[in-house]
Amino acid sequence: MEENKTSFRDHLTLLAESVELIEQTFLSKGEVEVKVKLEDAHYQELCMNLNNNINSNDFIIILGNINFTFSKK
């Protein structure tokens, strides 16, 4: 059976698609923030993919009108 592997680009594409969906709802009239708490290993992997400082405790990615805050658990 073939293993389903997704790349970092695939994950960003899914985030962008979710932004489009949210912006088509009543939520687009307000300030939208999504907070994601990740285990340390996943947080570090995300930071490396984004060339972000792995020593920081959190960072924000803004896509459209939505702020995604990623932090360590």
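Guide: This is a predicted model. In it, Asp40 forms a salt bridge with Lys72, and their closest N and O atoms are 3.9 Å apart. The pair links distant parts of the chain, with Asp40 in helix H2 and Lys72 in strand S3, 32 residues apart.

Visitor: Why is the contact between Asp40 and Lys72 called a salt bridge?

Guide: The label requires a side-chain nitrogen of Lys or Arg within 4 Å of a carboxyl oxygen of Asp or Glu. The closest N and O atoms of Asp40 and Lys72 are 3.9 Å apart, so the pair qualifies.

Visitor: Why is Asp40 called partly exposed?

Guide: Partly exposed lies between the limits of under 20% for buried and over 50% for exposed. Asp40 has a relative accessible area of 39%, so it falls between them. Lys72, at 25%, also counts as partly exposed.

Visitor: How many salt bridges does the structure hold?

Guide: It holds two. Glu39 forms one with Lys73, the closest N and O atoms being 3.3 Å apart. Glu39 is in the loop between S1 and H2, and Lys73 is in the segment after S3, 34 residues apart.

Visitor: Which core does Ile66 belong to?

Guide: Ile66 is in the largest nonpolar core, which has eleven residues, including Val19, Val32, Ile61 and Phe68. S1, H2, S2 and S3 each supply at least two residues of this core.

Visitor: What makes S1 and S2 edge strands?

Guide: The open sheet has three strands in the order S1-S3-S2, with mixed pairing. S1 and S2 each have a single partner strand, so one side of each is left without a neighbour in the sheet.

Visitor: How do you know that S2 and S3 are paired?

Guide: Pairing requires at least two bridges, and six join S2 to S3, so these antiparallel strands count as paired. In one of these bridges, Ile60 has Thr69 in S3 as its partner.

Note on methods
Residues numbered from 1 in each chain as written. Predicted model: local features only at pLDDT ≥ 70, side-chain atom pairs only at ≥ 80, totals over all residues. Heavy atoms only, no water. Core = buried A, V, L, I, M, F, W, Y, C linked by side-chain atoms within 4.5 Å. Buried < 20%, exposed > 50% of the residue type's maximum accessible area, 1.4 Å probe, protein only. Helix = DSSP H or I, 4+ residues; strand = E, 2+ residues; numbered from the N terminus.
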